[in-house]
Amino acid sequence: MHRTPPRARRLSPRSAYRLNSPRYGRRSGRLATAAAAFSLAAVLAGCGDSGGPVRTEATATKAARPAAPVRSVPAGLPGMPPVQDPKDIYAADRPGMLSPVVRGFPSRVYVPNTNSDTVSVIDPATYEVIETIPVGRQPQHVVPSWDLKTLWVNNNRGHTLTPIDPATGKAGEPVDVHDPYNLYFTPDGKYAVVMASLDRELVFRDPHTMKVVKTEPVTCAGVNHADFSADGRYFIVSCEFSGELLKVDTAKMKVVGQQTLPFEGAMPQDVKISPDGGTFYIADMMADGMWVLDGKKFSTPKLLPTGKGTHGLYVSRNSREMYISNRGEGSISVFDFKQDKLTKKWHLPGGGSPDMGGVSSDGKVLWLSGRYNAEVYAIDTTSGKELARIPVGGGPHGLAVYPQPGRYSLGHTGVFR
């Protein structure tokens, strides 16, 4: 959300954080006949030859040694596209790996302007706004549908979703949906999940008609961002206004865990899972860093400071790094997954308010909205150099770069797998 309360008292956040069954060799050799008794004795004596392989103590030990563990693909949520690489859940997001569904779509950047009730459409080749689309009241995010065919504009206070056809760039008839602050899709494509922030609800809907299937009330305030586990069986949700996290069972559509972050005045924002599926990262704009969470255990997370007003999290095309927008200081921190640490920080020249966005299809440009500056930033992902600063409407928020590589969308501004 764009509302920022007075900075709360800190509590000294801690910054540090740091199957196979054994394969046994088959017992070689054949059962001896009555005449083989002599041969067996000879083998035991170390001088016989039965005409077959001899199983000595050394070879038996070697054969009994366990093989190196092989990482298995997790059993996914039924109906979910199978995980391609258990070491990298973003393996389908490489440059050029566009789905046949989106291959003919023009490359565009769609920017929802919450104060102008419009969507600015940018041509990334020229860095110019080529169209402005009127939508409903207070559009928060532009969200690619699970099947990649539609972009949904979340008109939060207008209580509608405006569909945009990414093939033509034309908006369709709005669909009535109450309090659609943000929008996600379950990995099996079965449900849309509306983050009804002020209603304090997770609303599971038909992903095409948006008819309600189930409403899950929550006791935290400000549900807004989420990401799914590698197997799709649960997802982690941030609650901005009460500083809490939820764990939700995907199939049961039910909250199964809840915790308060250990920082007074915490305001968690974007959520992103690591490429190996083992860790969730949660940006926090008041704790000025990101929380590092073991989603499976759902234990108390550790805080990694990144910069003032930490807000958005975006994984690089090669799955090696994550770009972290620090809205309060006009910077982008770069986190290296393998090294498990921050390695770079890029400052926007002249400052700014980098918020939400996405990475270009080829991975070369990071696009971020300038929340309080009515502008959009294009940033070189190799050098951190600002490539362009583009004026748009008032209060730009969850912009979507489209199309992007990936087999399906989990929602938000474009989380693809």
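**Figure 1. Thr310 and its side-chain partners.** The side chains of Thr310 and Asn326 are joined by a polar contact of 3.4 Å. Please keep in mind as you look around that this is a predicted model. Thr310 also has a polar contact of 2.7 Å, this one linking its side chain to that of Thr306.

Figure 2. Thr310 belongs to strand E21, which covers residues 310-315. With a relative accessible area of 0%, Thr310 is buried, because buried means under 20%. Once neighbours within four places in sequence are set aside, the residues in contact with Thr310 include Gln269, Ala283, Asp284, Met285, Asp288 and Gly289. Ile324, Ser325 and Asn326 are also among its contacts.

**Figure 3. Val111 in strand E1.** Here we turn to another strand: Val111 sits in E1, made up of residues 108-113. Val111 has a relative accessible area of 0% and is therefore buried. Leaving out neighbours within four places in sequence, you will find Val111 in contact with Thr118, Val119, Ser120 and Ile122, among others. Its contacts also include Val376, Val392, Pro396 and Leu399.

**Figure 4. Val111 and Ile122.** These two residues lie eleven residues apart along the chain, and 7.9 Å separates their C-alpha atoms. Ile122 is also one of the residues in contact with Val111.

**Figure 5. The whole protein, for orientation.** Stepping back, the protein has two helices and 29 strands. Of its 417 residues, 54% count as buried. The protein exposes about 18000 Å², with 53% of that supplied by carbon and sulfur atoms.

Conventions: Residues numbered from 1 in each chain as written. Predicted model: local features only at pLDDT ≥ 70, side-chain atom pairs only at ≥ 80, totals over all residues. Heavy atoms only, no water. Helix = DSSP H or I, 4+ residues; strand = E, 2+ residues; numbered from the N terminus. Buried < 20%, exposed > 50% of the residue type's maximum accessible area, 1.4 Å probe, protein only. Contact = heavy atoms within 4.5 Å. Polar contact = N/O pair within 3.5 Å; in protein donor to acceptor, adjacent residues only side chain to side chain. Areas by Shrake-Rupley, 256 points an atom, 1.4 Å probe, with all protein chains shown as cover.
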